[in-house]
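Please read it alongside the sequence and the structure.

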Amino acid sequence: MPPTITAFANSPDRGRGQARDMRIRWALEEVRQPYDVRLVSFEEMKQPAHLALHPFGQIPTYEDGDLALFESGAIVLHIAERHAGLLPLDANARSRAIAWMFAALNTLEPPILELGMAMLVERDRSWYAERLPMLQDRVRVRLGELSRRLGGADWLDGAFSAGDLLMVTVLRRLNTSRLLDEHPAIAAYVVRGEARPAFKRAFEAQLAVFTAASRP
């Protein structure tokens with residue numbers, strides 16, 4: 001039996017591949033592992049059955065036999081540790097790739113998410129115009145640091161890894177802003193990630209869910 005992941009029945013990202021099930025889909029596509037998807041509504045996410053899988057009532061979850069996992073980073077790491085293709089064989093390179101996974105989720109994603117949420121829900125607040133430049137500058141600092149480290153390399157540390165997979169999914173949240181345009185090396189890095197066949201397969205699969213949900 002293939003593993004089963006959960007995803008939004010009607011994703012608020014409107015099919016742009018920013019919901020966190022995209023990370024799991026991409027990882028499974030990279031290692032060529034089949035999987036099933038169970039779609040859940042926002043109401044179902046807060047019901048006991050789903051809360052037993054994800055105590056915070058979110059997606060994605062991952063079920064494989066008697067194993068149930070939540071948190072996208074933990075699920076990607078689980079997949080990468082059990083299937084070749086997302087972590088290097090060399091022990092030191094493997095540890096560095098895992099460090100980049102943590103960096104994507106702990107260092108880059110928080111300021112990017114904070115900026116995105118402010119742009120989404122705070123536009124009509126009196127403090128928005130004053131707060132927005134501060135949030136943008138926080139993201140710029142991280143992008144500048146990442147750009148210096150990436151340099152002219154294709155990937156963060158040698159070959160493509162789970163670290164790159166998570167980093168690209170985090171950076172894609174900036175696709176509708178102009179911040180990536182300020183760092184051509186990072187913009188090109190994101191494009192390389194999106195050009196991978198496994199990414200394209202994952203994106204098309206999640207987009208099909210949104211498209212089906214949008215039909216009258």
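## Basis of the description

Helices (H or I, at least four residues) and strands (E, at least two) are DSSP runs, numbered from the N terminus. The model is predicted, and local features need pLDDT of at least 70, side-chain atom pairs count only at pLDDT 80 or more, and totals for chains, interfaces and linings use all residues. Residues are numbered from 1 along each chain as its sequence is written, and side-chain values use heavy atoms, with hydrogens and water left out.

Leu150 belongs to helix H6 (residues 128-150). Its relative accessibility is 5%, so Leu150 counts as buried; buried means under 20% relative accessible area, exposed over 50%, and partly exposed in between (1.4 Å probe, protein chains only). Leaving aside neighbours within four places in sequence, Leu150 is in contact with Trp155, Leu156, Ala185, Ile186 and Tyr189, where contact means heavy atoms within 4.5 Å. The C-alpha atoms of Leu150 and Leu171 are separated by 14 Å, the two residues being 21 residues apart along the chain.

His183 is found in the loop between helix H7 (162-171) and helix H8 (184-195). His183 counts as buried because its relative accessibility is 14%. Apart from neighbours within four places in sequence, the contacts of His183 are Arg140, Leu143, Gly144 and Ser147.

H7 is mostly covered, with 10 of its 10 residues buried. Among the buried residues of H7 are Asp164 and Thr169. The cover over the buried residues of H7 includes H1, H4, H5, H6 and H8.

Helix H5 (residues 91-121) packs with H7 at an angle of about 10°, and their axes are 7 Å apart. H5 is therefore roughly parallel to H7. Axes are lines fitted to C-alpha atoms, for helices over the stretch in contact, and angles run from 0 to 180 degrees between N-to-C directions; angles under 35 degrees count as roughly parallel, over 145 as roughly antiparallel, 65 to 115 as roughly perpendicular and the rest as oblique. On the H5 side the contact includes Trp100, Met101, Leu105, Leu108 and Glu109, and on the H7 side it includes Leu166, Met167 and Val170. By class, the contact of H5 with H7 has 13 nonpolar, one polar and one charged residues. Ala, Val, Leu, Ile, Met, Phe, Trp, Tyr, Cys and Pro count as nonpolar, Asp, Glu, Lys and Arg as charged, and the others, Gly among them, as polar.

## The largest pocket

The largest pocket holds about 1100 Å³ of space. It is lined by 40 residues, of which Gln18, Arg20, Leu113, Met117 and Arg173 are the closest to its centre. Helix H2 (42-45), helix H4 (72-82) and H5 each give two or more residues to this lining. H5 provides the largest share, 14 residues. The lining of the largest pocket comprises 22 nonpolar, 10 polar and eight charged residues.

On a 1 Å grid over the protein atoms alone, a pocket is an open set of points with protein on both sides within 12 Å along at least five of seven lines, whereas a cavity is a set of points where a 1.4 Å probe fits but cannot get out; lining residues have an atom within 4 Å of a point. Grid points are joined across faces, edges and corners, and a volume is the space filled by probe spheres set on the points.

## The cavity

There is one cavity of 30 Å³ or more. The largest cavity contains about 90 Å³ of space. Its lining has 13 residues, and Phe8, Ser11, Asp21, Arg25 and Gln206 lie nearest its centre. Strand E1 (4-8), helix H1 (21-30) and helix H9 (197-214) each supply at least two residues of this lining. Six of the lining residues of the largest cavity are nonpolar, four polar and three charged.
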